[in-house]
Amino acid sequence: MDRQPVLEGERLFLRPLKKKDWDALFAVAADKLLWAHHPASDRWQEPVFREFFADALAQGGALAIVDKASGEIIGSSRFQGYDSSGEGEVEIGWSFIARPYWGLGYNAEFKRLMLEHALESVGRVVFTVGEDNVISRKAMANIGGQLTAQTKVVERGGRPVNHVIFEITRESFARGPLAG
């Protein structure tokens, strides 16, 4: 599976994240309110985001989300944890978009693009969401994510944070709200 494709939708295109994207992406991430309900609520701070950005580049699956109309970077997402065994699995996550794009279908558009791409190669896509992240949990429900019984504890800001796992399979995607 190509974890850094170029994907194009109606209003967005996604492309591999590059080191030179730092300024544009940090301009989005520096919005403190963007992270208010996120387990990493300090990610708006430059040193914290710099670590997040470096990890995104090091992992090799990060994508910049670009508004086609303006040409501006409005967020990012990642393909992580690719497992080719069996039917295959990959995680989509570490996603965020600028607040002016919230509630207008942009999250669904970039997730649909990523899901269509991933489900050509794997049978299951997973999403790890902070247990108390109400906004992300609602977004998952809106795109057809099914809450699984799986959980995960992730360290955030030096403390353990409970996360839940959502999934979308080829079959559930084909009959879900994002199906083309």
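Arg-124 is placed in strand S6, where strands (E, at least two residues) and helices (H or I, at least four) are DSSP runs numbered from the N terminus. With a relative accessible area of 17%, Arg-124 is buried, a term that denotes under 20% relative accessible area, as against exposed for over 50% and partly exposed for what lies in between (1.4 Å probe, protein chains only). The model is a predicted one, in which local features need pLDDT of at least 70 and side-chain atom pairs count only at pLDDT 80 or more, whereas totals for chains, interfaces and linings use all residues. Residues are numbered from 1 along each chain as its sequence is written, and side-chain values use heavy atoms, with hydrogens and water left out.

Leaving aside residues up to four places away in sequence, Arg-124 touches Gly-88, Glu-89, Val-90, Leu-119, Thr-148, Gln-150, Glu-167, Ile-168 and Thr-169, contact being defined by heavy atoms within 4.5 Å. With the same exclusion, Val-125 touches Val-90, Ile-92, Leu-115, Ala-118, Leu-119, Phe-166, Glu-167 and Ile-168. The C-alpha atoms of Arg-124 and Ala-141, which are 17 residues apart along the chain, are separated by 16 Å.

The strands form an open sheet of eight with mixed pairing, in the order S1-S2-S3-S4-S5-S6-S8-S7, two strands being taken as paired if DSSP finds at least two bridges between them. Strand S1 (7-8) and S7 stand at the edges with a single partner strand each, so that one side of each is left without a neighbour in the sheet. Strand S7 (residues 146-156) pairs with strand S8 (residues 159-169) in the antiparallel sense over eight bridges, and Lys-152 stands opposite His-163 in S8. The hairpin of S7 and S8 has two residues between the strands, and Gly-157 takes a positive phi near 60° there. S4 and S5 are likewise antiparallel, over six bridges, with Asp-83 standing opposite Glu-89 in S5.

Helix H2 lies across S3, S4 and S5 and runs at about 50° to S4, while helix H4 (residues 134-142) lies across strand S6 (124-130), S7 and S8 at about 155° to S6; axes are lines fitted to C-alpha atoms, for helices over the stretch in contact, and angles run from 0 to 180 degrees between N-to-C directions. The 14 residues of H2 (residues 46-59) should span 20 Å at 1.5 Å a residue, which agrees with the 20 Å between its end C-alpha atoms; the expected span is 1.5 Å times one less than the number of residues. The buried residues of H2 are Phe-49, Phe-52, Phe-53 and Ala-56. Seen down the axis of H2, these residues fall within an arc of 100°, so they line one face of the helix, the arc being that of the directions from the helix axis to the C-beta atoms. The face turned away from this buried side carries the exposed residues Pro-47, Glu-51 and Ala-58, and H2 is followed by Gly-60, whose phi is positive, near 80°.

The largest nonpolar core has 47 residues, of which Leu-14, Phe-49, Phe-96, Met-114, Leu-115, Val-125 and Phe-127 touch the most other members; such a core is a set of buried Ala, Val, Leu, Ile, Met, Phe, Trp, Tyr and Cys residues joined through side-chain atoms within 4.5 Å. Helix H3 (residues 106-118) gives the most to this core, with six residues.
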